[in-house]
Amino acid sequence: MMTVPLGDMLLKILPELGLLVLAAVLLTLDLLWRSRRCRFLGWIAAGGGAVVILLSLLFARPGPEPLLLWGGMMRLDSTGFVFRMLFVTGMAITALFATENEGICEHGEFFTLLVISTLGMTLMASVVDLIMIYLAFETASIPLYALAGFLIRDKKSVESGVKYLLFGAMTSAVMLYGFSLLYGFTGSTNLYEIGAQLSAGQLPAGLAVLTALLVTVGFAFKVSAAPLHFWAPDVYEGAPTSVAGFLSTASKAAGFAVLLRVLLVVYPALSSLWTGLIAALAVASMVVGNLQALNQKNIKRLLAYSSIAQAGTILIGAAAQSDFGVTATMYYLMAYLVTNLAAFGVVMVVGRAVGSDEISAYAGLSRRSPGTALILLAVLLSLGGIPPFAGFIGKLLVFGAAVEANMAWLAVVGVVNSVAALYYYLRVLKVVYLDRAENETQPLNMTSAWKAALVGCVVLVVVLGVLVSPFYTWASQAAASLIVY
Amino acid sequence: MDLLTNHLLTLILFTPVVGAVVLLFLPAKNIRVLRWAALAASLVPFGLALGLWARFDPSAEGFQFVEMMPWYPAIQSSYHLGVDGISLMMVLLTVVLTPLAVLASFTVTERVKAYMFLFLLLETGMLGVFLSLDLLLFFVFWEVGLVPMYFLIAQWGGTRRNYAALKFILYTMGGSLGLLLATQMIGVVAGTFDLTELFQIWPALNSGTLLGLPMATVKAVAFWAFVIAFAIKVPVWPFHTWLPDAHTEAPTAGSMILAGVLLKLGAYGFLRLVLPLYPLESKLFAGWLAALGALAIIFGALGAFGQKDFKRLVAYSSINHMGFVVLGIAAAAAAVGSQDAVIALNGAVLQMVTHGLSAAGMFFLVGVIYERTHTRDLTEFGGLFAQMPVYGGVLLFTAMGSLGLPGLAGFVSEFLVVRGAWPVFTLATALSMIGLFFTGAYILKALKMVLHGPLNERWKGKLPEMSLREGIVIAPLMVLMLILGVWPAWALDVINRTVSMISLAMSLWF
Amino acid sequence: MQFPILSVLIFIPLLAGIVLLMVPAQRKDWIRGIALGSAAVVLVLSVAVYALYDVAQAGYQFVETAPWVPALGIQYHVGVDGLSLPLILLSGLVVFTGVLVSWHVDERPREFFSYLMFLGSSVLGVFASLDLFQLFFFFELAVFPKYLMIILWGSPKTREYGGMKLTLFLFAGSVLALVGALAIYFGSGLRTFDMLVLEKAGFPIAFQQLWFPFLFLGFGVLSGIFPFHSWAPDGHVAAPTAVSMLLAGVEMKVGAFAALRVAIMLLPDGARFWAPAVLVLATINVVYGALIALIQSDFKYVIGFSSVSHMGLVLIGFACLNHDSLLGAGMQMFSHGIMTALFFSVVGMVYDRTHTRELSQLGGLVQKMPWAAVGFIIAGLVSMGMPGFSGFVAEFPIFMGAWRTAPLVAIIAILGVVVTAGYILLVVRRVFFGELPKQFQNIPDITWMDKLAIGLLAAFMIGLGWFPSLMTSVLQPGVQNILGLLGG
């Protein structure tokens with residue numbers, strides 16, 4: 001194993017270092033300022049995220065060959081890099097939404113927790129060692145438990161935090177059990193070595209299947225795939241809206257990052273089993289998510305179920321188990337991240353203005369604030385997979401992956417589900433555009449941070465939907481480097 | 001001048017449309033201008049047609065004044081016009097009757113612009129059928145004429161006009177469906193719609209199958225599709241039920257054209273398409289056709305006799321008279337190639353012309369009395385001769401022409417038909433003669449109920465005599481009836497050559 | 001470099017749509033002016049494209065390409081041939097007349113005209129697309145304008161139901177077709193969405209037979225193929241006038257066109273295999289649609305079902321797969337487009353003035369709005385396939401084609417024509433003639449803009465009816481191209 005010079009190494013883990021520094025800065029400033037200038041903390045977190053992304057793009061780009069650090073525990077490749085950028089983007093946008101938010105602003109540690117959780121996620125995307133994966137997993141999760149229950153005066157929020165914690169702890173225990181079995185039978189904690197051993201047939205098939213099932217539990221929880229999705233609607237509904245947005249996007253993407261790596265690196269020998277398992281998860285998630293979303297009255301619950309269904313759609317790409325499938329998954333995740341963040345952003349903005357998250361509260365929005373309505377329109381259509389928005393490309397690629405892998409039936413299931421999904425998205429749009437409300441003449445209160453976040457998201461949604469090429473290239477590079485030994 | 005001679009038929013065909021378009025730009029309020037403009041527009045084709053007649057060479061074979069241009073090259077259909085003796089007579093009939101009908105319509109006061117517009121379009125539709133030498137084009141004009149007629153009946157007709165108009169168009173369109181399907185099939189099988197070519201190709205086609213049926217069967221079906229379409233138009237019993245309603249409800253001028261020209265379209269279809277395209281089938285089924293013709297004569301006459309409504313009576317008389325046309329055609333089909341066939345065909349064509357004149361005249365005269373009394377109930381008339389002597393005389397004359405009194409037009413044509421058909425279908429012809437007897441009966445009955453007997457006191461002193469305009473409408477018809485009755489040779493000259501050729505061409509297939 | 005006329009044509013309405021959204025809502029004059037101006041430009045350009053197309057040279061013309069996503073083999077690729085050309089013209093006409101008859105939309109005109117422009121851009125984009133991805137992109141671009149326009153400006157009773165049903169049906173169809181398109185993309189092994197390349201890919205027969213139904217039915221939903229037609233009447237009826245015009249007039253052709261361009265032209269062997277099944281469905285369309293139209297009591301539903309019936313003829317034309325039938329289908333797409341646009345525009349004018357669409361409550365309107373009556377009658381005659389109007393010259397070749405391939409279909413489908421005559425005459429009589437109800441004694445005549453729209457559409461119907469070569473000469477090279485792909 002070659003040794004990497006320290007300077008190089010530091011440069012390569014620049015995103016993580018940057019986040020660490022950012023967390024420290026935020027914590028310090030919070031202590032100094034107390035709650036008086038909480039506005040700035042959000043901007044600083046967002047700005048810091050932007051700086052991290054910029055610097056990483058300039059200096060920390062991975063080479064064509066993956067770089068192994070710390071005795072192979074960390075593997076810096078395009079896959080990880082794209083995911084890390086994605087998480088930091090999600091963090092920055094979430095920070096903007098959290099700015100000037102009552103209940104959050106008084107407690108500056110919010111942003112610190114957010115950044116630390118993001119740090120855990122970036123690690124999840126780049127470590128290839130079972131122990132490290134678990135550590136990263138928990139680093140990402142624990143701050144999120146706190147964030148979900150952040151509004152301590154709000155019973156629902158607290159309940160949501162506790163629920164999330166309980167579910168998370170349970171599933172991560174199951175996953176850990178799977179890890180221990182893998183280690184016990186192969187004697188290695190390195191994913192690539194385990195994969196090599198499995199391929200060589202050194203593990204009885206039955207056991208391999210068992211480990212696969214156990215490990216999947218953890219990931220399925222993280223990506224909120226059925227049947228481990230129960231927590232999502234309650235947690236999303238109770239948690240602060242900005243946190244819910246973060247949970248449904250960055251956190252979900254982190255789950256996918258690990259899932260893809262484990263899937264393709266550890267279990268290539270069991271590909272048919274994995275395919276079946278993931279496809280089953282995909283179908284279950286899509287069907288359950290969409291069916292339940294159909295008659296939701298609360299927009300946050302609706303988005304929660306929709307995000308379960310979206311997870312199912314993304315899993316189609318993973319089930320294809322191909323280069324193209326991984327590319328599709330990554331592209332879909334990018335599209336989904338910006339789209340869903342904006343969706344929760346709008347929910348937060350409207351929720352604060354009307355004091356309700358019921359769908360009926362959206363009546364008259366198009367008259368009250370045509371701009372916000374337009375953003376919601378773009379976002380929901382993107383979720384529905386309609387051009388010229390990002391979701392269309394994601395949908396196209398994911399279905400394409402299924403067709404390419406001779407799983408057209410899965411694509412057809414996806415088709416049926418996307419129709420059902422469009423139904424409830426349109427239902428929301430109907431309320432927004434058609435229904436009238438008494439308060440529709442009052443303008444909507446909108447801070448500059450929210451505006452920036454929303455507009456930024458929507459621009460990305462359109463760019464990802466029209467100017468596909470550069471993002472696609474990244475995604476396909478990331479996919480290519482995932483399986484290179 | 002070249003333009004005029006080379007495109008004479010096109011000019012005749014489309015000047016009414018041009019006139020109609022011009023009408024659109026005239027002020028709707030100025031009814032007088034509209035009327036005279038329409039009359040002028042209908043006189044232009046009349047003048048042109050006279051020129052056509054003058055230049056027509058009755059001794060030449062085939063079609064004259066032929067024009068041919070690509071129309072719908074994608075499906076091998078062309079704009080192909082031409083006239084022979086039969087179509088020339090029909091064109092003349094049309095261009096004579098149309099101005100008279102326009103003149104008769106001067107009493108229309110409601111939406112005159114639309115009325116005249118439709119009337120002129122109708123003229124083009126009728127002329128197009130007579131001039132077309134392309135099967136598709138024939139069908140186009142065949143249907144084009146329907147629409148104006150439908151609206152003329154439905155908008156300016158009597159009390160039950162909607163029912164009558166719908167019945168008229170549904171019967172005719174329904175009948176045309178078979179024609180349409182058969183036309184499509186012929187086009188597909190033969191690869192052309194040009195009639196001059198089809199006359200050669202289609203009867204010769206004996207091999208191959210379609211829909212699993214042998215060609216002979218297919219052709220028999222297509223033959224009946226054609227026959228039914230034309231039989232409805234003629235109309236032949238039992239397809240006639242639309243006619244009394246349509247005629248009765250149509251405005252006067254509409255009835256004139258309907259009886260005078262539109263019915264001839266059906267008979268013309270038999271002559272132009274059925275006989276040349278289906279010589280074998282025609283001969284095979286001629287007996288049926290003759291029987292239907294005879295039945296039309298008898299039932300038409302009986303039906304007329306039973307009417308109390310003057311206009312309905314005249315309408316039924318059309319069925320009666322058109323039966324002779326059918327009988328003549330049937331005889332010609334059966335006795336193909338013989339002298340009898342030629343005589344019968346001559347009679348049929350001449351009967352088309354004479355019936356056109358007399359029926360138009362009769363309907364006009366019914367209209368004249370209706371405008372004064374607002375009733376058509378025969379029982380309410382009576383003794384009108386004394387009130388309106390001129391009208392009485394004219395009615396008497398026209399009715400006699402219709403009856404077939406020797407010396408007037410109807411006699412010559414019906415005689416020719418009977419003469420030609422007798423050796424071929426003796427029984428049917430004999431029965432027709434009985435029908436002719438009833439013809440006399442109903443006409444005399446009508447004359448008696450209108451002109452003679454006690455005067456209904458309601459009308460005393462209230463019925464003005466025929467006006468000059470009305471006189472101008474009826475006079476040409478009477479003159480023509482008389483001329484054709486006394487000296488039919490000028491018309492038969494034109495017809496004879498053509499019908500001989502048709503008969504000869506048919507006989508070549510045996 | 002030539003003037004990028006097609007791109008300008010596609011993007012002018014898109015741009016206008018965006019600009020409109022930025023105009024202050026209260027400047028209604030500006031809004032209407034921008035809408036009419038851009039629609040006029042679209043009309044002029046579409047006529048120009050039609051006129052400038054070089055028939056002698058044939059093939060795809062005005063072609064433009066630009067890289068889009070090279071890694072996926074996606075490019076921006078537009079061009080027109082004989083088949084798409086009439087449809088481009090149709091779109092231009094209907095967009096323009098749609099703006100004219102919507103002049104008095106007073107409820108949020110900004111959004112209305114903006115969405116209308118998006119819709120126009122979408123259909124033009126589909127017709128000009130030579131890239132499969134791009135075709136889908138524009139195809140689905142229409143989803144939200146359609147939905148929003150129906151629910152916002154549609155008829156209050158059914159708009160939510162009709163709009164949702166329409167959107168979901170069409171979306172389902174297009175996503176299904178998308179799966180088929182992806183199969184073509186991967187199955188060809190060429191990794192390109194360029195249809196001109198894919199045409200020559202030579203897919204195995206089994207592959208074509210498997211995937212043809214996905215594409216044909218997927219797009220066919222939008223063309224109203226039985227049994228997936230039920231969105232059409234509901235959607236058309238629920239939609240506001242201009243949208244009904246565009247939906248029935250142009251969008252249904254988008255479906256048919258895409259089914260032809262993608263399903264039949266890329267998978268010709270699949271088309272041959274499935275043609276009998278399509279023929280059966282399409283024949284049902286023709287007869288069933290007409291019969292159902294006959295028993296409607298709602299003015300607009302009659303027209304809605306008549307579209308189902310007439311689109312069946314287009315599909316018959318496709319499925320017969322011969323020169324005459326394809327030519328007729330091409331004509332019928334255009335003819336039905338302008339005809340149904342005229343129908344719906346008149347229905348809208350009547351409804352705006354009487355506020356009812358119940359046939360039993362209408363009558364005698366010819367006295368109040370003669371232009372509308374004449375326009376409706378002309379469209380009705382086109383619908384009946386009356387010679388002298390565009391419907392005849394379009395339907396006749398379809399029937400001839402049917403005689404060549406499936407004579408029985410010709411005989412059965414003609415029934416639809418009879419029934420059509422019946423319901424058209426009934427409707428004309430009930431709405432425009434007879435007694436004028438008292439409450440309508442004072443309704444105003446239609447505006448000169450409405451008359452302009454009616455006159456424009458009617459002129460095309462009559463002109464085409466007498467001079468069919470004006471369109472067949474353009475269509476024929478396109479049809480030859482398809483026949484070439486079908487192998488003679």
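**Entry 1: two helices in chain B.** I looked up helix α15 (residues 339-373) of chain B and helix α18 (residues 409-421) of chain B in this predicted model: their axes come within 7 Å and cross at roughly 155°. Helices are DSSP runs of H or I with at least four residues, numbered from the N terminus. Axes are lines fitted to C-alpha atoms over the stretch in contact, and angles run from 0 to 180 degrees between N-to-C directions. The crossing angle makes α15(B) roughly antiparallel to α18(B), a term for angles over 145 degrees.

I then listed the residues in contact (heavy atoms within 4.5 Å). Among them are B:Ile343, B:Leu350 and B:Thr354 in α15(B), and B:Val412, B:Leu416 and B:Arg419 in α18(B). By class, this contact has nine nonpolar, seven polar and three charged residues. Ala, Val, Leu, Ile, Met, Phe, Trp, Tyr, Cys and Pro count as nonpolar, Asp, Glu, Lys and Arg as charged, and the others, Gly among them, as polar.

**Entry 2: chain A against chain C.** I found 40 residues from chain A and 38 residues from chain C in the contact. About 3,400 Å² is buried between them, and carbon and sulfur atoms give 81% of that. Buried area is the accessible area (1.4 Å probe) that two parts lose on being put together, summed over both.

I also looked up salt bridges (a side-chain nitrogen of Lys or Arg within 4 Å of a carboxyl oxygen of Asp or Glu). The rule finds four across this interface. One salt bridge joins the side chains of A:Lys430 and C:Glu160, at 3.2 Å from N to O.

**Notes on the source.** Residues are numbered from 1 along each chain as its sequence is written, and chains are lettered from A and ligands numbered from 1 in the order in which they are written. In this predicted model local features need pLDDT of at least 70, side-chain atom pairs count only at pLDDT 80 or more, and totals for chains, interfaces and linings use all residues, while side-chain values use heavy atoms, with hydrogens and water left out.

Technical notes:
Parallel < 35°, antiparallel > 145°, perpendicular 65-115°, else oblique.
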